[in-house]
Amino acid sequence: MHQEATMNSLISLAGRPLFVDGQSRSAVLGEGKGWESLNQLDLTQIDPPIRKKIAEQWARDALFEHASVASFSRFSLHLMAVAAPPHLLDGSHRAALDEIRHAKICFALASAYAGEPLGPGPLPLEGDILGPLDLPTIAVATVREGCIGETIAALEADQAREVAQIVPAKEALSTIAEDESRHAELAWQFVRWAIDVGGKPVRDAVRQAFDEVLSRPAPPVSPADDGDDELERHGRLSDPSKRAVYVAGLNEVIRPAAEALLNA
Ligand SMILES: [Fe+2]
Ligand SMILES: [Fe+2]
């Protein structure tokens, strides 16, 4: 059994998702051997239910960060399948290493809040993981996972960093925001290259991929609950805050960047 989310719930994803057949794959939680090292935080002042909720949220992010490693491993293979230039291949491999660091940071925080070591179980990799290897399809996957997924992830992490008051969470989010922003840039660079070498079929497929997301209403959120302020202190954005970042990111960053890319 693994966590799944569809393209319609991008708002709930952290970082670059691993979509297989349109659904996001990640591992389930396992023992934290080697993933959870963090100096002990003094969390005794936090109400146990809040602490449990924060632990669950960091653990969920950790699993998505862990899945991002596989997403970049696949992206590296996709780049080779389409004879992409070496600077893109270099960027993809470096990004996979960043995602290992993000997963460790998030598992460390999750473990500290949970009071027990947490890490990933096996990542389910059955199915057609590589998918079609033509340039338009790979460019579309990069639009969804990188240009959109990682741009939103970078903005979310930056906003969470701004409101966080717990130092390890603030430091973690600062690292993640900076790296995700670079990963998003890598995705935009690849799509630019793909359009340049692939011409109209790639441009049309990319345009459609952006249109699908930009024309869709933002996902609804559950009403804010009483613990949201406390959670944000620990670097956990509330659903309404995430939604606001998502809407602003789509309209103020992704839409103009997509227009510039497609009209160049
Ligand atoms: Fe990440
Ligand atoms: Fe990333």
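Which residues coordinate the iron ion (ligand 1)?

A: The model is predicted, so local features need pLDDT of at least 70 and side-chain atom pairs pLDDT 80 or more, while totals for chains, interfaces and linings use all residues. Residues are numbered from 1 along each chain as written, chains are lettered from A and ligands numbered from 1 in the order written, and side-chain values use heavy atoms, without hydrogens and water.

Now the site. Glu65 (OE), Glu99 (OE), His102 (ND1) and Glu180 (OE) coordinate the iron ion (ligand 1), at 1.9 to 2.2 Å. Donors are N, O and S atoms within 2.8 Å of the metal (3.2 Å for Na, K and Ca); water is not among the atoms, so sites may look incomplete.

The four donor atoms subtend angles of 91 to 135° at the iron ion (ligand 1), which makes the arrangement irregular. Four donors count as tetrahedral if all angles lie between 85 and 135 degrees; four count as square planar and six as octahedral if opposite donors are over 155 degrees apart and all others between 65 and 115; anything else is irregular.

Along the sequence, the donor residues follow the spacing E-x33-E-x2-H-x77-E. Glu65 sits in helix H1 (residues 48-81) and His102 in helix H2 (residues 86-114), so this pair ties together parts 37 residues apart in sequence. Helices are DSSP runs (H or I, at least four residues), numbered from the N terminus.

Glu99 also bridges to the iron ion (ligand 2). The two iron ions lie 3.5 Å apart.

Glu65 counts as buried, at 2% relative accessibility. His102 is buried too, at 0%. Buried means under 20% relative accessible area, exposed over 50%, partly exposed in between (1.4 Å probe, protein chains only).

Definitions and conventions
Helices (H or I, at least four residues) and strands (E, at least two) are DSSP runs, numbered from the N terminus.
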